[in-house]
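Dear colleague,

Please find the structure below, handed over for your use. My notes on what was found in it follow directly after.

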Amino acid sequence: MSDTAGNGAVLVVGGGISGLTAALEAAEVGNDVFLIEKNSYFGGRVAQLNQYFPKLCPPTCGLEINFKRIKDNRKIRTYTLTTVKSISGGPGNFEVQLETAPRYINSNCTACGDCAQVCTDEIEDAFNFGMGKTKAAYLPHEMAFPRRYVLAKEACSAACLDAVKAACKYNAVELDMQPKTFTLKVSSIIWSTGWNPYDANKITNLNYNSSQAIITNMMMERLAADNGPTRGKIVRPGDNKEPASFAFVQCAGSRDENHLQHCSYICCMATFKHISYIRSQYPDAKIYVFYIDLRTPGKYEHFREKFMADANTTFIKGKVADIVAERDGGVTVVAENAITGAKVHQKVDLCVLATGMEPALGEQGKALGVTMDGNGFVVSSPEKGMMSAGCAKSAVDVYSSGQSSTAAALKAIQIGR
Amino acid sequence: MKKVYGAYLCTGCGIGNVLDVDGLKDAAADAGIAMQDHGCLCGADGRAFIEKDIAEKGVNTIVVCACSPRVMQQEFNFGEQTITVRGNLREHVAWTAGEPKEDGSVDDFLQEMGTDYVRMAVTRAQKTELPVPYTMESISKKILVMGGGIAGLTAAKEAAKAGYAVTLVEKDAQLGGKALGWRKMFPTAYPYSELESPNIQQLIAEVQGDSKITVKTACEVARIGGAPGQFNVTLKAAGAVTEWDAPAKVTADQQDLINKGEVDDPNKGLQKYTLLNPEGEIFGAVVLATGWKPADVSQYEHLGYGKLTNVVTNAEFEKLAKNGKVPARVAFVQSPGGKENDKDFPYCNSVTSMVALKQANYVVEDNPVDGKAYILYQHMRTPGNTELFYKGMQSQDGVFMTKAAVTKVAAAGNGLTVDVEDNLLGENLQLEVDMVVLAAGMVPTTAAENVINLAYRQGPAFLDLDLFDGYADSHFICFPYETRRTGIYTCGGVRKAETMEETIDDATGAALKAIQCIESANRGVAVHPRSGDQTYPDFFFSRCTQCKRCTEECPFGALDDDEKGTPLPNPTRCRRCGTCMGACPERIINFADYSIDMIGSMVKSIEVPDDDEEKLRVAVFVCENDAYPAIDMSGMHRNKINRLVRFIPVRCLGSVNMVWIKDAMSSGMDGALLLGCKYGDDYQCHFVKGSEIATRRMENIGETLGSLGLEPERCGVREIAISDYDKIPAIIDEFVEEIVAMGPNPFKGF
């Protein structure tokens, strides 16, 4: 397939679970699909999750099938480190300018890892939300697709770069790689640009930066993951203390007119999942959950039920007003119990902020002519040839993302016909 | 195709550092194909090296012994008319080796792993044929949509918009379903503040005006026979009883009793399930959108439903509101309270919270002066953008909301009293109201009825829906549309309680899946999860003994059978997992590139030293979906792997035929292990039943071994998640140590 595919070609922007789904569902009907991703790997947010609720199964299992489907399907072309620069034309005849940032490692890479062996410089490990460092020549994670290293050239000394280049037996290190721009002609565009964890620093009363004992729910995923910074051991960042008590602060940023107006859909279930992580490591730890409503509807009620009966877990209806760092490394969570009216001061070793989903496309979307609502979600506009899928469209779980992504694929196919 | 072989060994990525290259080449030659080596086969030069042989020698069957088959697919793709088989010397051998020995010598045990993998790859190539896709004599691209509510109407409209003919079947005399009774709809656009006027009439008009859509009202499906691309569908007047109604499931044992006259035939008077109705309509795929029914809430005695007038369900209140003015004082009870604790009514999902908000709005709208709506909830469930509507309603005059446990509803004069505890106002309350509305759930039609009415050997309904409270759920978080009946995709209320917005996406997605299934059948390829696979099970019927195991075990009901019990395959229903192949005691079910003989020959190609107690051998059959990637990942981590085991990839543990275990044991191997997905209620098996069935089979073969005087524990199964990569070495070591403790297979060398 060439860059100028036949009629009905679909551009999918964002290669997380929603983008992968939309791309594959369209391609398996028979359409040509271009799937682009700004990161150096596909899989998006779900690649960072330890387990899915409610089955507590590894997300890499589903990603593996999707990657296999991509590898087996010649209708899909994938591009990592690639973003949209401009869009012209309209439904049926878009011309999209894209730019691929330099990876500094070309397709000769066999993922043998020799470059990382000799690489002396390190960078902050973004995959693990800055908990720990990674070599500047790195594979983003075990399951990374494409299975190809990345070089953070700007973080490396000249000597380090020389060593990395010399270590590669396959001539894959290309230090003078330049950004590459190219144009695609497509009939329709699916925005599956996903979400970012809401910046906890913006929720000033929660004092996120005041203590390493305050982490976000996505950091909790990485702490619990076997391929995370602690190889799956849930310990307090900084001093590696094994926590004896935990607090969960629900709606950290969500359902709040000063932050995110919407409910982020998954955080209640994520917290129950985190309770299951904690219980598998600390059967007796005290857990306190501060919530407004427990939103575990439908079949998720069964999952909640399992943990509501836990004698060492206390659920307090009340919004957290303050979090105070303590000298022993822990924090005190301050809230008012909405039912009893009592003021609660709960000291814990580790506090998890259930930060919500902020749509990731942001201002750039408007500049590209994407229709976005007042909260930054992408509004599906088939009449404009543009669809949205997954969390770009609204805050949802993976299951619902699968539905809206498959729907977006059909709307895209209709435009080409 | 006349096969011309070429075998290639990559010595890069450490393979050449820890293995004796000449020894590997000798192993390939011994097995029948001469092998050449190259320092980097996946590079441009390496590929040119292979392509030269293709061009000059006509090589069309290629063995690449290099990295895992999960990587470098494009690099080693030499076109559809070429067979390429991969031997995994990198992740499974070289990367598990640890540091090379200082003197440069090669470890015996490691070298034997390498030569065995080379021999297995060569054998596999010798036994692989190019697949010829299964093509149907004729194919229908028409889609059947069952159910004419929002979900069904949307699926029909969207499929038609993509160019496909649709027949929409609705039981009622008119289209529209539940939405016909709505006074207002939830907001569907930012800022999600205003209820919207129902657009159901517009949707109905669009469907009725679409020339690609045939609408049949007061009509239902009697039975669906056939298979994707060729479903033979008998329609009937709603409620009619016909000879073409779907037959009930009759197991093989029950059929024996029926034949002996010991029990009545439940299908008396019905046409046999394998018979295709000559008058039937032919469809390519089906969308199931038969929706939901309001739940019965009369079992909550303290709430008085069914006994007290003016205690109604949300569905009944909506009808009142549609037809006129609603009472001024209304309590909306969201949770039954009592022993149900803080759970919602069953089958609610988050829809009923929104319904209460909408209906509270009717109360204040119809009673601008004295309207009072009380929403008594345990947890308001307005996820995503629906939160914005909830937020707006919080400032609506006359609407009061509190977390509360409702302990009693009682009659008081012309009205009702509602006793409320544990609320946000501090004290126990008694509310005086005119009406109480219970947030009854939405029970999927699949909970109590067959609904899809299949004329299949395995019965008329989806299987095992009790795992999902009766919803037609897939159980796959990542793949919501997959059902256990290929070509039938569900949406709307049968899947879960959904808002209209969700339903529209859901139905559009289901339409896509129906289209995709038809196009896949048309190309002769499999659908999910082996999308694009051109192979399919081929039966050598003359040796079939009618044992019916394949028919009963197929997780997808792909096999019917004739009077005698000989299977009748339906390749377009098949997902290509090979569970039938694993089930068959006569070994007559095979795929072009995956067969009993192939895997058996690979097992036999493993060299088993018969005089060295240090060199025991364990055959490990590995599910290629999760366990195989996990082993690769273990290699990437440079974890060492026990050097007595040999990994043999299989499509699914369900495809493991016990003859392979016998092959392994009779060739002198000392144990056999299966690595596959988790099974049980939270199963992760991509083919639903494969790992569960394999475990059962392995227990049986253990008994067989026992009768031969071998320890049953020589055969084992372990559940592996894809993320277990760092645990795999210990899991395997533990199994091998048990075998070592038992000592060598006493039949070794015979």
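Which residues of helix H6 (residues 200–208) of chain B are buried? They are Ile200(B), Leu203(B) and Val207(B). A residue is called buried if 20 or more other C-beta atoms lie within 10 Å of its own, exposed if 12 or fewer, and partly exposed in between, with C-beta atoms placed from the backbone. Helices (H or I, at least four residues) and strands (E, at least two) are DSSP runs, numbered from the N terminus.

Before going further, please note that this is a predicted model, in which local features need pLDDT of at least 70, side-chain atom pairs count only at pLDDT 80 or more, and totals for chains, interfaces and linings use all residues. Residues are numbered from 1 along each chain as its sequence is written, while chains are lettered from A and ligands numbered from 1 in the order in which they are written.

The buried residues of H6(B) pack against helix H5 (150–161), strand S6 (166–169) and strand S7 (213–216) of chain B. Here and below, two residues are in contact if their C-beta atoms, placed from the backbone, lie within 7 Å.

In helix H8 (residues 314–323) of chain B, the buried residues are Asn314(B), Phe317(B), Glu318(B) and Ala321(B). These cover an arc of only 105° around the axis, which places them on the same side of H8(B). Their cover includes strand S13 (311–313), helix H9 (351–366) and strand S20 (435–438) of chain B.

**Strands of chain B**

Strand S9 (residues 230–237) of chain B has 6 of its 8 residues buried, so it is largely enclosed by the rest of the structure. Strand S8 (residues 219–227) of chain B pairs with S9(B) in the antiparallel sense over 8 bridges; two strands pair if DSSP finds at least two bridges between them. Within this pairing, Ala227(B) stands opposite Gln230(B). The two strands form a hairpin with 2 residues between them, and Gly229(B) in the turn has a positive phi of about 90°. S9(B) is also joined to strand S10 (residues 281–283) of chain B by 3 bridges, and these two run antiparallel. Asn232(B) stands opposite Ile282(B) in S10(B).

Strand S29 (residues 671–676) of chain B pairs with S30(B) in the parallel sense over 5 bridges. The bridge partner of Gly676(B) in S30(B) is Glu719(B).

**Chain A**

The secondary structure of chain A comes to 9 helices and 22 strands. Of its 417 residues, 58% are buried. Along its principal axes, the C-alpha trace of chain A spans about 65 × 55 × 35 Å. Among contacts in chain A between residues at least 6 apart in sequence, 69% join residues at least 24 apart.

An open sheet of 3 strands in chain A has the order S17-S18-S19, with antiparallel pairing. Its edge strands are S17 (320–325) and S19 (343–348) of chain A, each of which pairs on one side only. Strand S18 (residues 331–336) of chain A is joined to S19(A) by 6 bridges. Gln346(A) in S19(A) is the bridge partner of Val333(A).

Ile36(A) lies in strand S2 (residues 33–36) of chain A. This residue is buried, with 25 other C-beta atoms within 10 Å. Not counting residues up to four places away in sequence, Ile36(A) touches Val13(A), Gly15(A), Tyr79(A), Thr82(A) and Leu98(A).

**Where the chains meet**

The contact takes 62 residues from chain A and 69 residues from chain B. Helix H1 (17–29), helix H2 (59–71) and helix H9 (398–416) of chain A each supply at least two residues of the side of chain A that touches chain B. H9(A) gives the most to that side, with 13 residues.

Yours sincerely

Notes: The arc is that of the directions from the helix axis to the C-beta atoms.
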